[in-house]
Amino acid sequence: AFVWIGLRDPTSEEFDAVAREFYLHELAVEDAVKAHQRPKIEEYDDTLFAVLHTIEPGDGGELAIGEVDIFVGAKFVLSVRTGARTGFLGVRARAEREPHRQRRGPAFVFYALLDAVVDRYFPVIDALETELESIEDQIFEAKLGRANIQRLYTLKRKIGGVKHAVAPLLESVSKLVSGRVHQVCSDNREYFRDVFDHLGRINASLDALRDTIGI
């Protein structure tokens, strides 16, 4: 048996209470409280700590970037959502539909959360590719020259924002499928390999977009 607690934009008092209950490492807690950390997966004694960035459509065509911090222990998962609009009720429903995988313990919930965050990158990539195609269709219209250049620079900034979320996470997840793996995740490499493959595809798409823009 294990417990999964999900917090959304918790107060410092709420987070401190949970941190004490599960004996979370003070350095990991400090990172989670500060938020806006670089995506990463780190070990703290018998607990795994992950920082993920969520990316969703925002206002005025911009991208809204939030953060999900995840603590994984032998008997618990704690997810802390900061600034992310979309929750993880779908992940819970998936876990309930797949009790045979749920028996793998907290590592499966961690994988399912990670997989959900990464899967939400795909529509963002599709939107960026569509935006680039729209600019290319108008690139030779003289009256739109300056506007198109501005759109290209805006698009480049968006691509950079997604890249900052994906590239460090790709590096971190690679450690869950090769070499020494934390005991919490040791029996679940095949699941994390699937996430690693998705991240690799997304990273390649970002590189292709950036090369096409070339500014």
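Tyr-23 is exposed, with a relative accessible area of 72%. This residue of the predicted model sits in the loop between H1 and helix H2 (26-34). Its phi is positive, about 55 degrees, although Tyr-23 is not a glycine.

Asp-9 is another non-glycine residue with a positive phi, in this case near 45 degrees. Asp-9 belongs to the loop between E1 and helix H1 (12-21) and is partly exposed, at a relative accessible area of 43%. A positive phi, near 60 degrees, also occurs at Ala-35, which follows H2.

## Helix H2

Ala-28, Val-29, Asp-31 and Ala-32 are the buried residues of H2. They lie on the same side of the helix, because the arc they cover around the axis is only 160 degrees. The elements covering these buried residues include H1, E2, E3 and E4. On the face of H2 turned away from the buried side are the exposed residues Glu-26, Val-33 and Lys-34.

## The sheet

An open sheet is formed by five strands, ordered E1-E5-E4-E3-E2, with mixed pairing. Strand E2 (40-44) and E1 are the edge strands; each has a single partner strand, so one side of each has no neighbour in the sheet. Direction ignored, neighbouring strands are turned against each other by 15 degrees on average. Helix H5 packs on this sheet and touches E1, E2, E3, E4 and E5, its direction making about 25 degrees with that of E3.

Strand E5 (residues 76-82) is largely enclosed by the rest of the structure, since six of its seven residues are buried. E5 runs parallel to strand E1 (residues 3-8), to which it is joined by six bridges; in this pairing Leu-78 of E5 is the bridge partner of Ile-5. Strand E4 (residues 63-72) is also joined to E5 by six bridges, but these two strands run antiparallel. E4 and E5 make a hairpin with three residues between them. Across this pair, Phe-71 stands opposite Leu-78 and Val-68 stands opposite Arg-81.

## Nonpolar cores

The largest nonpolar core contains 50 residues, and the members with the most contacts inside it are Ile-70, Phe-110, Tyr-121 and Leu-199. At least two residues of this core come from each of strand E3 (47-57), E4, helix H3 (89-97), helix H5 (106-119), helix H6 (121-138), helix H7 (145-177) and helix H8 (189-213). A second, separate core has 16 residues, among them Phe-15, Val-29, Ala-32 and Val-80.

Which residues does Ile-70 contact, leaving aside its neighbours within four places in sequence? They are Leu-48, Phe-49, Ala-50, Leu-52, Val-77, Leu-78, Ser-79, Phe-110 and Leu-113.

## Leu-170 in helix H7

Leu-170 lies in helix H7 and counts as buried, at 16% relative accessibility. With neighbours within four places in sequence left aside, the contacts of Leu-170 are Phe-196, Leu-199, Gly-200 and Asn-203. Leu-170 and Lys-40 are 130 residues apart in sequence, yet their C-alpha atoms are 9.1 Å apart in space.

## Salt bridges

Side chains of opposite charge can pair when their charged atoms come close. How many salt bridges does a search of the whole structure find? The search finds seven. One of them links Arg-157 and Glu-62, with an N to O distance of 3.0 Å. This pair connects distant parts of the chain: Arg-157 is in helix H7 and Glu-62 is in the loop between E3 and E4, 95 residues apart. Arg-157 is partly exposed, with a relative accessible area of 48%, and Glu-62 is partly exposed at 33% relative accessibility.

Lys-40 pairs with Glu-42, the closest N and O atoms being 3.7 Å apart. Lys-40 is buried, with a relative accessible area of 16%, whereas Glu-42 is partly exposed, with a value of 27%. Within helix H8, Arg-210 and Asp-207 are three residues apart, about one turn of the helix, and their side chains meet in a salt bridge of 3.6 Å, N to O. Both count as partly exposed, Arg-210 at 37% relative accessibility and Asp-207 at 28%. Salt bridges with shared partners join Asp-31, Lys-40 and Glu-42 into one network; Asp-31 is one of the buried residues of H2.

Methods: Residues are numbered from 1 along each chain as its sequence is written. This is a predicted model: local features need pLDDT of at least 70, side-chain atom pairs count only at pLDDT 80 or more; totals for chains, interfaces and linings use all residues. Side-chain values use heavy atoms; hydrogens and water are left out. Buried means under 20% relative accessible area, exposed over 50%, partly exposed in between (1.4 Å probe, protein chains only). Helices (H or I, at least four residues) and strands (E, at least two) are DSSP runs, numbered from the N terminus. Two strands pair if DSSP finds at least two bridges between them. A nonpolar core is a set of buried Ala, Val, Leu, Ile, Met, Phe, Trp, Tyr and Cys residues joined through side-chain atoms within 4.5 Å. Contact means heavy atoms within 4.5 Å. Axes are lines fitted to C-alpha atoms, for helices over the stretch in contact, and angles run from 0 to 180 degrees between N-to-C directions. The arc is that of the directions from the helix axis to the C-beta atoms. A salt bridge is a side-chain nitrogen of Lys or Arg within 4 Å of a carboxyl oxygen of Asp or Glu.
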